[in-house]
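This report describes one protein model. Please look through the sequence and the structure before reading on.

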Amino acid sequence: MRRLFSRRGHAPDEDALELYYASDIHGSDRCWRKFLGAARFYGLSDVIMGGDLVGKAVVPVEHRPDGTYMCRFLGDERVAVDDEQLAEIVDAIRFNGMYPWIAPPEELARYAGNGAGQDELFDRVVREDLDRWIALAAERLPENGTHAFVMAGNDDPWYVDEMLASADAIEFCDDRVVRVGDHEMISCSYANPTPWDSPRELDEEALYRRLKSLAEQVEAPERAIFNLHVPPYDSGLDKATELKPDLTPRFSGGQPVEIPVGSHAVRQIIEEYQPLLGLHGHIHESRGEAWIGRTLALNSGSEYNTGRLHGVIVKLGRERVISHQFVVG
């Protein structure tokens, strides 16, 4: 059952702002489409995407000389004999946050064992798919009257920023101050170091300096939104399974060992500036809420590979969070 959480004892606020936040969709076509439709579905005008847009892998689909198509996907060999069956395979690949690449056998062979070529192919396919997402946003958002704020996350290549910044229908919000209704918002796509050596990682001191330079630009931090991809350290929003040096899970008593993996820098900047709201993602399994002083920090969580979009609706008064509600759709 969905629950509505709120702080009580306040009179109703005039001109309250309602926003929707989601994060970490990792190439899921279905989740992106749901994000674009969230404002209309939930009856609000401002939506925020907190990063990690890009998927994890390209799935080759061989276009055989006899006109059929074949791919190996999720442990199965799948064959399509017509366009309808091919569309089913393509949809299944995109549903799982991966990218279909249809090519003849000789082109597939050209990339086999070619690491540099595979990296180039991945970037090319990602660019094409992100172009398609941006075009879809241009088609759907204006007709809904939706104001969409979008940034990349620590897993996303740097060219994603250029593509988002040049898009007309969305507002690229990373590394700057923007206004969401009557509230200032800063955004940061970086994370503290991870085992995966992702594109956007900084040590805690460097991350703090970057966040501090953003926070200093905010005129009214007590009314601001801090849209920071990584959650604050030891907040309950950053619990993940501890990994051994070989990147396998650590177990104790037959259960995975959970540890806090969020950012000390993020926690410090929230403690110092006490914004109205903190929006976070990154740790998919740590959906939840935490109060850090007067700041409500939220992690929307993620189940992108199921096609279910996790999000949170937040209602903001001028100087307080009126309510928030976690939703799944």
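## Basis

This is a predicted model, in which local features need pLDDT of at least 70 and side-chain atom pairs count only at pLDDT 80 or more, while totals for chains, interfaces and linings use all residues. Residues are numbered from 1 along each chain as its sequence is written, and side-chain values use heavy atoms, with hydrogens and water left out.

## Pocket and cavities

Rolling a probe the size of a water molecule over the atoms shows where empty space is left. The search uses a 1 Å grid over the protein atoms alone: a cavity is a set of points where a 1.4 Å probe fits but cannot get out, and a pocket is an open set with protein on both sides within 12 Å along at least five of seven lines. Lining residues have an atom within 4 Å of a point. Grid points are joined across faces, edges and corners, and a volume is the space filled by probe spheres set on the points.

The largest pocket has a volume of about 550 Å³. Its lining consists of 22 residues, and those nearest the centre are Pro195, Trp196, Ala240, Val261 and Ile283. Two or more lining residues come from each of strand S13 (239-241) and strand S16 (258-260). Helices (H or I, at least four residues) and strands (E, at least two) are DSSP runs, numbered from the N terminus.

The lining of the largest pocket has 9 nonpolar, 7 polar and 6 charged residues. In this division Ala, Val, Leu, Ile, Met, Phe, Trp, Tyr, Cys and Pro count as nonpolar, Asp, Glu, Lys and Arg as charged, and the others, Gly among them, as polar.

There are 2 cavities of 30 Å³ or more in the structure. The largest cavity holds about 50 Å³ of space and is lined by Leu53, Val54, Tyr99, Val126, Asp129, Leu130 and Trp133. Helix H4 (residues 115-144) gives the largest share of this lining, 4 residues. By class, the lining of the largest cavity has 6 nonpolar, no polar and 1 charged residues.

The second largest cavity holds about 30 Å³. Among the residues that line the second largest cavity are Ser23, Asp24, Cys31, Glu303, Arg308 and His310. Its lining divides into 4 nonpolar, 4 polar and 3 charged residues.

## Salt bridges

Side chains of opposite charge can pair when their charged atoms come close. A salt bridge is a side-chain nitrogen of Lys or Arg within 4 Å of a carboxyl oxygen of Asp or Glu. The structure holds 18 salt bridges, and the table gives three of them.

| Pair | Closest N to O distance |
|---|---|
| Lys56 and Asp155 | 3.2 Å |
| Arg200 and Asp174 | 3.9 Å |

Asp155 is partly exposed, at 25% relative accessibility. Here buried means under 20% relative accessible area, exposed over 50%, and partly exposed in between (1.4 Å probe, protein chains only).

Arg200 is in the loop between strand S11 (183-188) and helix H6 (204-215), and Asp174 is in the loop between strand S9 (170-172) and strand S10 (177-180), so this pair ties together parts 26 residues apart in sequence. Arg200 is buried at 0% relative accessibility, and Asp174 is buried at 6%.

Glu271 and Arg267 are 4 residues apart in helix H7 (residues 264-273), and about one helical turn separates them. Glu271 is partly exposed at 43% relative accessibility, and Arg267 is partly exposed at 24%.

## Helix H6

H6 has 12 residues and reaches 16 Å from its first C-alpha to its last, close to the 16 Å expected at 1.5 Å a residue. The expected span is 1.5 Å times one less than the number of residues. Buried residues in H6 are Ala206, Leu207, Tyr208, Leu211, Leu214 and Ala215. They pack against S10, S11, strand S12 (225-228) and H7, where contact means heavy atoms within 4.5 Å.

## Leu296

Leu296 is in strand S19 (residues 295-299) and is buried, at 0% relative accessibility. Leu296 and Leu276 are 20 residues apart in sequence, with their C-alpha atoms 6.6 Å apart in space. Leaving out residues up to four places away in sequence, Leu296 touches Leu276, Leu277, Gly278, Glu289, Ala290, Trp291, Val321 and His324.
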